[in-house]
Amino acid sequence: MSSQPRGYVIIDPEECKGCGLCVDSCPPDCLVLAPGLSKYGVHPAQYTGEDCTGCGACFYCCPEPGAITVERLIPAKAATAAIPKTQEVTREATL
Amino acid sequence: MNGYEVIHEKSPAFYDRYLRKDELQQQTHYCPGCGHGIVHKLIAEALTDLGLQDRTILVSPVGCSVFAYYYFDVGNVQVAHGRAPAAATALKRSRPESIVISYQGDGDLAAIGTAEIVHAANRGENICVFFVNNSVYGMTGGQMAPTSLIGEVTTTSPWGRRASNEGLPLHVCELLAALETPTYIERVALNDMKNIMKAKRAVKKALQIQKDGGGFSLVEILSPCPTIMKMDPVVARNWVGETLVKAFPLGVFRDRRPELPPGPKIPVKTVAEALEVEESAPEIASPRRHHTRDLTLKIAGFGGQGILLMGQLLAEMALREQMEVSWLPSYGPEMRSGSAHCHVSLSHERIGSPLITQPEVLIAMNELSLHKFAASVVSGGLILYNHTELPVGFSAPQARVVCVPASEIADRLGSAKVANVVMLAALLEETECLPAESAISVLETVVKNPRLLELNRQAMKAGRDYVDTEIEVGAVSQPDGYSY
């Protein structure tokens, strides 16, 4: 799937303080502040679900240690190469 | 997510949850948009990358980052304002294998701690200093810092900082770069992604230098303080780039190993040789002797009773038995009649802390001390009380209480001064923690006057005899009315 974004961002709304630095820093503008309030009482950052490149800018601009986790799309080749490995592990585990 | 792999996540150098408060254990206490969190992340990531987490000691300062020990899963020490480089020096010198980080703000490092940072840098201590400069006192509410800019309005410079009155902003990197000894000094900023990446490399490099034994490194990090600046976090970050960076130019101020001139050779001598005394301690054949046992004691009374000396005698005896010892005195400014006590640890293992909150043995040389400390004695412990009987209404059900009228016995011997030795003898007889000959041998070293030495010998004997003969007839009392 070529339309799949290269990156993915997970934001923990319980940890985010809504400072907005990640929203301002994101090169492809794929983060927004959520309209709703978090338990903490702020508008936490939110991934729009589109265009993330996995650059990590939001991660390094964010002052909270674990509010943001950035993922990158596993290239198709590597992904297929990784599958047998996982199967082996499962087999070993069942044995 | 499926098909994706994690490339950036919370560093394992942080705790999973922060136990500072019952609520919000997943959040730091920093304000939204604060630079400290970013610096924390950069340090944590570098520690993980370099595999240093398990041997790192972080020295937290006074200031907003005072709670850093709640976040970093490393060894943590929190020190007095400005003293972090001094504490870090001690830590590094006593534990050279540890990676020691001094984390400081501008109020901490550039104001009250100026002496400490200059001297630590001048000694070329092999430590890393991360200096977070936001140009203002944050935690205390926005007072002027030595690094505040000209014209910067703070609560203590309400019309703006004036060079004529408050001097110019202190440039710490430039100041320390005037010294020969530092290895690495760089100033970075957190205003944008490019500079944050530079900061990341600088932090890692400083830690790598320490890992390689390379000497002193300091990274100054220009950081936003949105709360005190009364700015939106994004505006505050831009302010760092537009204003703070102009006043404090970024760059590397030092990056080379210092070449130090050779010093005089220090002769290798034993302590006895250096002090020009003869080795007086007897040679001990076996490192561990069966008639010694680990014990923690609190000895308390009033000043002048020989409380502290009794602890020193015990410590000296145990030293001669090749045990580990600690002796921690606590006393007031009075030389006599104030309250005094000391903590003594006798151990066959290394002693973690000289402070003893729950002693196995309490020696109470007066009633006040008995009341004050009896409850702290461990269950199954022993209390030696300097009197013929316990005060009315006193109870310490968890411990065995032995009354030894040491002062009375000492008076009969001719000097109230030896009450402590009588009690020491009673302790040795009762607990068998150390051999009595050992006490005699220490007394022979300490007491030079032959007449007093004889008196001390008599006191030792009297104390032992008392425990051997008198205890049985009811001097040991328990709240249940039984005698042991």
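In the predicted model, B:Glu432 is partly exposed, with 13 other C-beta atoms within 10 Å. This count falls between the limits of 12 or fewer for an exposed residue and 20 or more for a buried one, and B:Glu432 is therefore assigned to the class in between. The residue lies in the loop that connects helix 14 (419-431) to helix 15 (436-446) of chain B. Its backbone has a positive phi of about 50°, although B:Glu432 is not a glycine. Most residues other than glycine have a negative phi.

A positive phi at a residue that is not a glycine also occurs at B:Gln322, where the angle is about 60°. B:Gln322 is likewise located in a loop of chain B, in this case between helix 11 (307-320) and strand 10 (324-331). With 15 other C-beta atoms within 10 Å, B:Gln322 is partly exposed.

Within chain B, helix 13 (residues 406-413) packs against helix 16 (residues 450-470) at an angle of about 135°, and the two axes are 10 Å apart. Because angles over 145 degrees count as roughly antiparallel and those from 65 to 115 as roughly perpendicular, helix 13 and helix 16 of chain B are described as oblique to each other. The crossing of helix 13 of chain B past helix 16 of chain B is right-handed. On the side of helix 13 of chain B, the contact is made by B:Ala406, B:Ile409, B:Ala410 and B:Leu413. Helix 16 of chain B contributes B:Leu455, B:Gln458, B:Ala459, B:Ala462, B:Gly463 and B:Tyr466. Of the residues in this contact between helix 13 and helix 16 of chain B, eight are nonpolar and two are polar, while none is charged.

The pairing between the chains joins strand 4 (residues 68-73) of chain A to strand 1 of chain B, in the antiparallel sense and over four bridges. Within this part of the sheet, A:Val70 stands opposite B:His8, a residue of strand 1 of chain B.

Key: Residues numbered from 1 in each chain as written. Chains lettered and ligands numbered in written order. Predicted model: local features only at pLDDT ≥ 70, side-chain atom pairs only at ≥ 80, totals over all residues. Pairing = 2+ DSSP bridges. Helix = DSSP H or I, 4+ residues; strand = E, 2+ residues; numbered from the N terminus. Axes fitted to C-alpha atoms, helices over the stretch in contact; angles between N-to-C directions. Parallel < 35°, antiparallel > 145°, perpendicular 65-115°, else oblique. Left-handed = near helix turned anticlockwise from the far one by under 90°. Contact = placed C-beta atoms within 7 Å. Nonpolar A, V, L, I, M, F, W, Y, C, P; charged D, E, K, R; others polar.
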